[in-house]
Amino acid sequence: MERFRTRTALLALTAASGLLLTACSGGADTGDGSKAADRPDYSAGQPAPAEGQDTDERHDHREDPGHLSTFALDVDTASYDYARRTLAEGRLPDPSTVRPEEFVNSFRQDYPRPDSDGFSVTVDGARTDDEDWSLVRVGLATRTAERSGERPPAALTFVLDVSGSMAEPGRLDLAKKSLSVMTDRLRDDDSVALVTFSDEAETVLPMTRLDGNRDEIQDTVDDLEVQDSTNLGAGVETGYETAVEGLREGATNRVVLVSDALANTGDTDAGTILEKIAGERREHGITLFGVGVGSDYGDALMERLADRGDGHTVYVSGEDEARKVFCEQLPRHVDLTARDAKAQVAFDPETVEEFRLIGYDNRRVADEDFRDDRVDGGEVGPGHTVTALYAVRTAPGAEGHLATATVRWLDPATRAPHEETGDLEADALDASVWSAGRGLRTTATAAYFADALGPDGPSVPGAPRLGELAGHADDLADRTADEELRRLAEAIDTARRLI
């Protein structure tokens, strides 16, 4: 199967019928880079004009906006952390659990931050070792997290798995310890509720203000014990019911699911579970934050619940990671800055012959739905960065405009739509990925690593062998003295020895 679409096919289709290539479109693009002739006919394939903008004014610097690629934003990181744990145990991760965008988004980038809610857009890139192939990076950033006293109060409903599989060290014990410490980090005007589930679900603590009730909350957490089987569906359903009962106007209302996601009782299908709580999600805007634990982990179920539940997932395997998630990230990032956020990248056919979005296979959106705000996007909070990486083959001697990236999101309070854009010129591509800035090198290293572990093996143009990639990662870690990059280098080296 061809991995990349060709410019020839694009021009032929355009001349014959005015069709436009789509890089990804509502499930039609499986990420395999098949040719334009295999794509559905989108007569509205060009980027829709912004509100109040005439169709002919969309891109006044060129008539044809180029190939399109549209996806919902995703800030999940569970795939990378779970792969790192698996490698540390001397095993290669299941290729089906490897999602390149989650590897890439595990590393914070230094993109410029906007002054208000919404996003900044940064587009850059560099040449790979394959002739005419480059990596193009689209970087999005939200404002920094407010000081804790400036954010709205939080109303968090914790849905905690107490099934038999959670008895393994590093599961329920880790979750209890983390919840205890996090309780001390939340503000007095924050609220928490606690739902447990095994074969059945139970609300063991209704929505309770922290002020004056910390001891009661702590005692409830201390009393949690492992029980029987895993009815995750009942847990999620009861969790949302509890969240609605304790709903606080003007607060950030969120369900936090802590589980190994090894469901074996009741509803075990993410779609069925989500359908049962669809009303609560849509009417009250309650988002889901999934925290995965355990050496055996139901990655696919947790990832689907979070993606379709207007939230995101992380994975924790030890106390350091748990402390970072529960005691630093969650208290700081309970607020939302954007709902239903989507990105659309238009590549110029005069300078781009082929391209492929690396990852985001489960987040593709039909191009014509970019400005349809009824179509689900991603939820993003303050302090986040989101990165999308493309493999791009440029035309020989390409000059001029290369790509335009647009991000669209809804204001969390008013649902008013907003957009921001960024552009990239062909002459702005760095000479080599490996001599580019720290951020782009980190992105390339993480993406190439995920590509090597994925179901198709190395497939992204310019991919070095794992031994060479490990050397690049070591050099990057040495130059930056960054512990996260050191751990990445160690994981790559471990994979090199296992493959």
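With which side chain does the side chain of D335 make a polar contact? The partner is the side chain of R143, at 3.4 Å. This is a predicted model. A search of the whole structure finds 37 salt bridges. Side chains of opposite charge can pair when their charged atoms come close.

**Around D335**
- D335 sits in the loop between α10 (319-332) and β10 (338-347).
- The relative accessible area of D335 is 12%, so D335 is buried.
- Beyond its neighbours within four places in sequence, D335 is in contact with R143, P152, T252, R254, G381 and P382.

- D269 and R304 meet through their side chains in a salt bridge of 3.7 Å, N to O.
- This pair is 35 residues apart: D269 is in the loop between β7 (252-259) and α7 (270-276), and R304 is in helix α9 (residues 299-308).
- D269 is partly exposed at 38% relative accessibility, and R304 is partly exposed at 30%.
- R408 and E419 form a salt bridge, with the closest N and O atoms 2.7 Å apart.
- Eleven residues separate the two: R408 lies in strand β14 (residues 401-410), E419 in strand β15 (residues 417-425).
- R408 is buried at 3% relative accessibility, whereas E419 is partly exposed at 24%.

- The side chains of R497 and D493 form a salt bridge at 3.5 Å, N to O.
- Both residues belong to helix α13 (residues 483-498), four residues apart, or about one turn of the helix.
- R497 is exposed at 54% relative accessibility, while D493 is partly exposed at 26%.

**A network**
- Salt bridges link R85, E89, R91, E168, R171 and D260 in a network.

Key
Residues numbered from 1 in each chain as written. Predicted model: local features only at pLDDT ≥ 70, side-chain atom pairs only at ≥ 80, totals over all residues. Heavy atoms only, no water. Buried < 20%, exposed > 50% of the residue type's maximum accessible area, 1.4 Å probe, protein only. Polar contact = N/O pair within 3.5 Å; in protein donor to acceptor, adjacent residues only side chain to side chain. Contact = heavy atoms within 4.5 Å. Salt bridge = Lys/Arg side-chain N within 4 Å of Asp/Glu carboxyl O.
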